[in-house]
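The report below is written for a reader who is new to this structure. It turns to aromatic rings and then to the chain as a whole.

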Amino acid sequence: MSTAQQQFKPTPLDVLIIGAGLSGIGAARALTDQCPDKRYQILERRAAMGGTWDLFQYLGIRSDSDMYTLSYSYKPWTHRKAIADGADIKRYIEDIAEESGITSHIRFQRKVVSASWSSEQALWTVTSLATDSQGQEHEEVTQARMLSVCAGYYSYDEGYRPDFPNEADFKGQIVHPQFWPTDLDYSGKRIVVIGSGATAVTLVPALAQTAAHVTMLQRSPSYVVSRPLEDGFAQKMQKWLPMSAAHSLTRWKNVLLGSFFYRIARNKPDMFAQRLLHMVKTQVGPELDMKHFTPAYKPWDQRVCAVPDGDLFHDLRAGRASVVTDTIESFTANGIRLTSGEELPADIIITATGLKLNALGDVQVSVDGKPIAFGEQTAYKGMMLSDIPNLILTFGYTNASWTLKAELTSNYTCRLLRYMDSKGYKVAVPRRGAEVQDEPFLNFTSGYVQRAEGMLPKQGDRKPWQVHQNYLQDKLTIQYGRVDDGVMQFQ
């Protein structure tokens, strides 16, 4: 690492990264390895790195992707669990930062509020609110030639939380998983978890170990499949090969299998759905009604929920947990009354009702004084936005591990910077032609995506404006395609 990188100077940075989570630390690592002459800094709004894996503290939090693809290609995943606990993932992120000298580049407790591009200066001017040790806020201004936004896609300040009738009547405790109280006493309590997504299927088996009973209340079912907690192939490879080689083989095995099954799911949805439901039937047995596990949508119209070693199904069969499919009429003093007339008793109600999406971490962006509405922009290769110069956006896959796209994006950032240096360019901006037609950014029916449809950028109906949910296709396009492709304009 260069001396210039090791010392912060008030002169403009080469790259300013927003967010010190999995994506942000990955972006910094790519710069460290591939562009050692570039000066960068990371602004992180929280007091610690980790992003999602530092924010979420609810019981049992874990990955819903395998760790051989959620980890980076250059940093092997060495734990036995293929579906990992949140604390282990956070430690993985910290290890990358410590090993690469990234930690000293992070400015913690900096909430970025605005970013303004000046064409005259060819610079971003970024304003953040810094919180000092006494809790006082003050403004800080940072200038950079390139802005790398690794702030994720959901609000840290609020989750999606619908209002339910007569909530005030409930005498117990209401908890949203995004703001989990560390002192929550759930032992011996009756708990209702509202939701059927990844958070709900994680919480139910974790709570069921000591709660009196846990009920998962869902408005409609999700696809839920059992996956091995440990990857047998990975364990065998690690016995016979160096760790880096074993990791690479396992990673590619999972990428190819995931891509193969996703293609089948989209091309032959009825056949694939029947296969998923057969797998569920073998887990739930004759005691449970399959209506609770039979969604009305096609596989991968929403994300498929994974449960390691079938832990959710074990608790349902054992009677420690149950699932109810119904809608809520109102809260009562002692629980929830359903539209069917049934009442679910509860001491604690957990609203695992989802995320609230936002655009670029709620940063107000302007170009030459003109405010930018992200819902009106078009994504270029899923990484940049039309008519916004020198801005890289990290947005992962909905059908695979986030990190797969994040790593391609950070490598592309370095490739773009090196190309600009070689040609003496200061500005790179994708320009959309009038012939490009709008399409939704994500072809996904999940509630959190539908609620944010007007907020997310669009994708186009042709290359390079399409957002592919396909790692192999993206790898070919992003890693090997021309940087100067006629759409990207340089100055």
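## A stacked pair

In this predicted model, both Phe 164 and Phe 331 are buried, a term that stands for under 20% relative accessible area, found with a 1.4 Å probe and protein chains only. Rings of Phe, Tyr and Trp (its six-membered ring) pair if their centres lie within 6.5 Å, and planes under 30 degrees apart count as stacked, over 60 as edge-to-face and the rest as tilted. The ring centres of Phe 164 and Phe 331 are 5.3 Å apart and their planes stand at 15 degrees, so this pair is stacked. Phe 164 belongs to the loop between E6 and E7, whereas Phe 331 lies in strand E13 (residues 328-332), 167 residues apart.

## A tilted pair and a cluster

The whole structure holds 21 aromatic pairs. One of them, formed by Phe 56 and Tyr 154, is tilted, with 5.8 Å from centre to centre and 50 degrees between the planes. Phe 56 counts as buried at 9% relative accessibility, and Tyr 154 counts as buried at 6%. One aromatic cluster includes Phe 56, Tyr 154 and Trp 402.

## The chain as a whole

Of the 491 residues of the chain, 54% count as buried. The C-alpha trace spans about 70 × 55 × 50 Å along its principal axes.

## Basis of the values

Residues are numbered from 1 along each chain as its sequence is written, and side-chain values use heavy atoms, without hydrogens and water. Local features need pLDDT of at least 70 and side-chain atom pairs count only at pLDDT 80 or more, while totals for chains, interfaces and linings use all residues.

Terms used:
Buried < 20%, exposed > 50% of the residue type's maximum accessible area, 1.4 Å probe, protein only. Helix = DSSP H or I, 4+ residues; strand = E, 2+ residues; numbered from the N terminus.
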